[in-house]
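Trainee: Could you walk me through reading the packing and the surface of a model like this one?
Mentor: Gladly; let us look at it together.

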Amino acid sequence: LLLLTKDLVTRGVASKEMAPRLGVSAGFVVRKCLEMAQRHSGATLLRFHQRILEADLAIKQGEMSEEVALELLVAELSSPQPRSP
């Protein structure tokens, strides 16, 4: 939802038009998505999505238990990223 929200904002879609495009019916969901999408760059959201996908595949392919994959994912996504010089 955050990636979709970020894309809609970039395209200039009005917030009142976002709910049906996001597939949600509650206005507070749209407001929360807008708030969170503003806190992260598109690149960061894509990186989060990629890491979630990788964790999901590791679980489904039996490479990691659900608990370990989730703990590693949360630790990685919640740690600050080093900034480029």
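Predicted model: local features only at pLDDT ≥ 70, side-chain atom pairs only at ≥ 80, totals over all residues.

Mentor: Residues are numbered from 1 along each chain as its sequence is written, and side-chain values use heavy atoms, leaving out hydrogens and water.

Trainee: Which residues make up the largest nonpolar core?

Mentor: A nonpolar core is a set of buried Ala, Val, Leu, Ile, Met, Phe, Trp, Tyr and Cys residues joined through side-chain atoms within 4.5 Å. Buried means under 20% relative accessible area, exposed over 50%, partly exposed in between (1.4 Å probe, protein chains only). Here the largest one has eight members: Leu8, Val13, Met18, Ala19, Leu22, Val24, Val30 and Leu34. Helices are DSSP runs of H or I, at least four residues, numbered from the N terminus.

Trainee: What does Leu8 touch beyond four places in sequence?

Mentor: Contact means heavy atoms within 4.5 Å. Leu8 meets Val13, Met18, Arg21 and Leu22.

Trainee: Is Phe48 buried or exposed?

Mentor: Phe48, in helix α4, is buried because its relative accessible area is 17%. Setting aside neighbours within four places in sequence, Phe48 contacts His40 and Leu77. Its C-alpha atom lies 9.3 Å from that of Glu76, 28 residues away along the chain.

Trainee: And how does Met64 count?

Mentor: Met64 sits in the loop between α4 (42-60) and α5 (66-78), and counts as partly exposed because its relative accessibility is 33%.

Conventions:
Helix = DSSP H or I, 4+ residues; strand = E, 2+ residues; numbered from the N terminus.
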